[in-house]
Amino acid sequence: MSGQKQAEDSIISSSNVYENDHEGGTSKEEVEEDHSVFSMKNALWHGGSAWDAWFSCSSNQVAQVLLTLPYSFSQLGMVSGIVLQIFYGLLGSWTAYLISVLYIEYRNRKEKEGVSFKNHVIQWFEVLDGLLGPYWKAIGLAFNCTFLLFGSVIQLIACARIWSFLGLGMTTYTAWYMAIAALIHGQVDGVQHSGPKKLVLYFTGATNILYTFGGHAVTVEIMHAMWKPRKFKYIYLMATLYVFTLTLPSASAVYWAFGDELLNHSNAFSLLPKTRWRDAAVILMLIHQFITFGFACTPLYFVWEKVIGMHDTKSIFLRALARLPVVIPIWFLAIIFPFFGPINSAVGALLVSFTVYIIPALAHMLTYRKASARQNAAEKPPRFLPSWSAMYVLNMFVVVWVLVVGFGFGGWASMTNFVRQVDTFGLFAKCYQ
C-alpha cells in the first residue's frame, strides 16, 4: 500500500511537482502514476492522471443539458445553434485556461512561502483571496456557491476514474441515441424550422448554450486532484472538442426531425419514440444525474466544512451530519421546480456568466496588471497568443461580450421565460402531482 500512499501524497505535494513538470524531466509523480494504475482502490476512488481529469471534464460538461440543446436550437435556428456552440465552447476553454493559470500562480506563490496544502483542498475563492484580496474572495465565493447550489450538475472533484468513465459512457450513448433515433424517425409531417422567432427566445437559447460550456466552476478542485496540474489547460480543450461530437450531431438531428415542436418540449426525450433504446437512455441519464449530483455537491461541502471548522475532521459520520444543511436546500429546490430547460438558461445568464467567464477574465487582468507580476509569472502567455497585451484585449472582449450579451440580454430573456414557466406550472406544482 506504500505506492497508494505515495500517490495520494503526490496530489498535495510540495513545489517539486511544479519544478519537475516545468523542467520536463521524469518526475516522482509519473513513476507513482505507473505503480498506482494497478491499485483497484485508486482506480475507483482516487485517480490523479491526465486521463482521470479528461474523463471528469468530458462526462460532466453537458449532463442533463444535453437534452435541452435541441430546444435551444428551436429558439436559435440551426445556424446560430451550431455557431454559438462552437463559440461558447472555445470561450469556455479559454476561461478554464485562465483559471488554471491563476491556480498555478497562487499555489506557486504560497509554496514559496512554505505553505503546505496537505489535507487541504484548494478552491477558487481561496485563489482569488490569495491573489486579489478578501473582496474578490467574497465575490468568488458568492457566485461559485450559488452556481453550484442551483446547478448541482458539474464536475467530479477527485477525478474518480470509474465514475467518470461510466458518466462519459452514459452521455455518449444518450447523445448518439438521440441523433440516430431522430434520423430514423425522420421529419414529422409539416415540420417547420422558423427559428429564431422572437428575441426573448433567441437569447434564452443562447444563454442555455453558454451554460452548457460553462461547466468548470470547480476547475481548481479538479486541478488540485491532479498529479500534474499544468496539463489541465490542454485536457479541458480536448474534453470540449469531444463534447462537440456529442452535442452538435444530437441537437442538429433532433431539431431537423421535429423543428418548431421543440419550442414546447424543452426535454428532447418527450418527442422521441418510446422504444427500448429510449428507455435505456432515460435510465442511463438518471443514473448519471444521481452520480453527478453526489459529486457536484462536494465543493459546497468543502466550503461549508471550512466555515464551521470541520474540514480537517477525519470522522466520516460527523462530516456526513455536517453536510446535511447543504443537501436539504438543493432537494427542496429540485422538488418545487418541475422544469429544467428555463432554469439552465437563467443559471447561465445570472450565475455562469460571472462565475465562469467574467470573474476569471477580470482576475487574470488584475493579477498581472503590474510589470513585476508579469515578469515573475508562473505561467507565461500561450504560444498562439504570446503577448500580454493581446491577452488583455481578449480578456476584455470576454468581459464585455458576456456582460452585455450573456448577462444583459440573456438575463432579461431567461428570466422572462422562467417567469412564464412558473406561471404555467405553478411554484409547487410538482408537490401535488
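**Exercise 1.** Which residues have the most contacts inside the largest nonpolar core, and how many residues does this core have?

*Solution.* The model is predicted: local features need pLDDT of at least 70, side-chain atom pairs count only at pLDDT 80 or more, and totals for chains, interfaces and linings use all residues. Residues are numbered from 1 along each chain as its sequence is written, and side-chain values use heavy atoms, with hydrogens and water left out.

Step 1. A nonpolar core is a set of buried Ala, Val, Leu, Ile, Met, Phe, Trp, Tyr and Cys residues joined through side-chain atoms within 4.5 Å. Buried means under 20% relative accessible area, exposed over 50%, and partly exposed in between (1.4 Å probe, protein chains only).

Step 2. The largest core has 95 residues, and Y88, W124, V127, M178, F258, L272 and Y357 have the most contacts inside it.

**Exercise 2.** Classify the ring pair of W51 and W54.

*Solution.* Step 1. Rings of Phe, Tyr and Trp (its six-membered ring) pair if their centres lie within 6.5 Å; planes under 30 degrees apart count as stacked, over 60 as edge-to-face and the rest as tilted.

Step 2. There are 21 aromatic pairs in the structure. For W51 and W54, the centres are 5.9 Å apart and the planes are at 80°, so this pair is edge-to-face.

Step 3. W51 counts as exposed, at 56% relative accessibility, whereas W54 counts as buried, at 16%.

**Exercise 3.** Classify the ring pair of W51 and F55.

*Solution.* Step 1. The centres are 6.1 Å apart and the planes are at 40°, so the pair is tilted.

Step 2. F55 is buried, with a relative accessible area of 13%.
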